[in-house]
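Trainee: Could you walk me through a few helices in this protein? I would like to learn how to read them.

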Amino acid sequence: MLKNKLYSNEHLIISLIIILSGFGLIVMYSASSLYAMNKFNNYLHFFNQQTKWLIIGMLIMIGISKVNYNFLKQLSFVLLLLSWILLISGYFFKGNNPAARWLVISGRSWMTTSDFARISLIIFTAFFIEKNKHNMKNLKVLLINYTPFVCISLLLILFQPDTSTALIIALIIMIMLFIGGADWKYLLSISLIGCLSIIYKIIHTDHAYRRIINWNDDQKIQSLNALGTGGFWGTGLGNSIIKNGYLPESHTDFILPIIGEELGFIGILTLFILFAFLFKVGINIVKNAPDLFSMFLSIGILITIIIYFLINAAYVVGFAPTTGLPMPFISYGGSHTIFTLLSIGILLNISKRGRLGLHNQYRGFAYE
């Protein structure tokens, strides 16, 4: 009976991803079609691009789900080093864009370098927690064997500049360490140093400072107008007015207001229910993970998806400053779509090995 329950987790995850991706593709097309026509003379430009990325991401997801996740443990340090190389490359191969967030080669943006860095850090942290499960209270081990590696990644992202992504990745890592039983003095001191560094960076970064000062700017006001216009049932799919040049990035970061305007409160509620269900199924996978590494790896992946979703929802309604974080499975974008689906493939792999009845090595282990 337990095996059947675990087996259903995989089917549920796949079903939810298909529903969310399909829903995202439809609303993204609705939000982007007019803009695509004006810019590319093709209503389907963004739709075709997103479909291509979804197919690539799904194929990667399927491939990763069939490979033993333990190979990631063996490659954790190599992946971290590779992420540094990609982050540094972004400073040199960024095209005409002043920011180093994207790797641009021959005038074409290939990826957002922080996406690879994020999953690499999650893998490295899960590996570190498993390897040092009896030393998570040891400040020397934490400061020497872990902190420098994470700081290098976060600083490279912070000075791209991408303050919001660096902050969110730091939050994900801190949650993993907290659950892993890291010393509270370490967590508190690192958090304090990190917060002071972020504040300093924001004050000395013009666009980030303006975002804080102008918390509720015109973009937020238009976003709230769209949500208010939609009411309970919405104006109907494709009938948004605010997307017609009144709300920039309506098919990327600010796609939620378009959902609210066209599908109303019921559309947004449905989206929240789907993500809540995804979180619930993900927790079942965490609880039945075969070992400590897979447990914390699945925690990191699940936290990432939920935090990105909640923060995106928070800033489009004025509860947080604009961060530029995409909504998983919904917002337009190649890099984050592919890496999110890659992460889901790892979750499926962990779920599959849990279903096979492998011994859960971490059960009964008490953190010191």
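This is a predicted model: local features need pLDDT of at least 70, side-chain atom pairs count only at pLDDT 80 or more; totals for chains, interfaces and linings use all residues.

Trainee: How many residues of helix H13 are buried?

Mentor: Good place to start! H13 covers residues 292-316 and has 25 residues. Most of this helix is covered, and the number of buried residues is 23 of 25.

Trainee: What span does helix H2 reach from its first C-alpha to its last?

Mentor: H2 takes in residues 45-65, 21 residues in total. At 1.5 Å a residue, the expected value is 30 Å, and the helix comes close to that, reaching 30 Å.

Trainee: What arc around the axis do the buried residues of H2 cover?

Mentor: The buried residues are Phe46, Gln50, Trp53, Leu54, Gly57, Met61, Ile64 and Ser65. They lie on the same side of H2, because the arc they cover around the axis is only 110 degrees.

Trainee: Is Val286 buried or exposed?

Mentor: Val286 sits in helix H12, residues 255-287. Its relative accessibility is 8%, and the cut-off for buried is under 20%. Val286 therefore counts as buried.

Trainee: How far apart are the C-alpha atoms of Val286 and Gly354?

Mentor: Along the chain, these two residues are 68 residues apart.

Key. Residues are numbered from 1 along each chain as its sequence is written. Side-chain values use heavy atoms; hydrogens and water are left out. Helices (H or I, at least four residues) and strands (E, at least two) are DSSP runs, numbered from the N terminus. The expected span of a helix is 1.5 Å times one less than its number of residues. Buried means under 20% relative accessible area, exposed over 50%, partly exposed in between (1.4 Å probe, protein chains only). The arc is that of the directions from the helix axis to the C-beta atoms.
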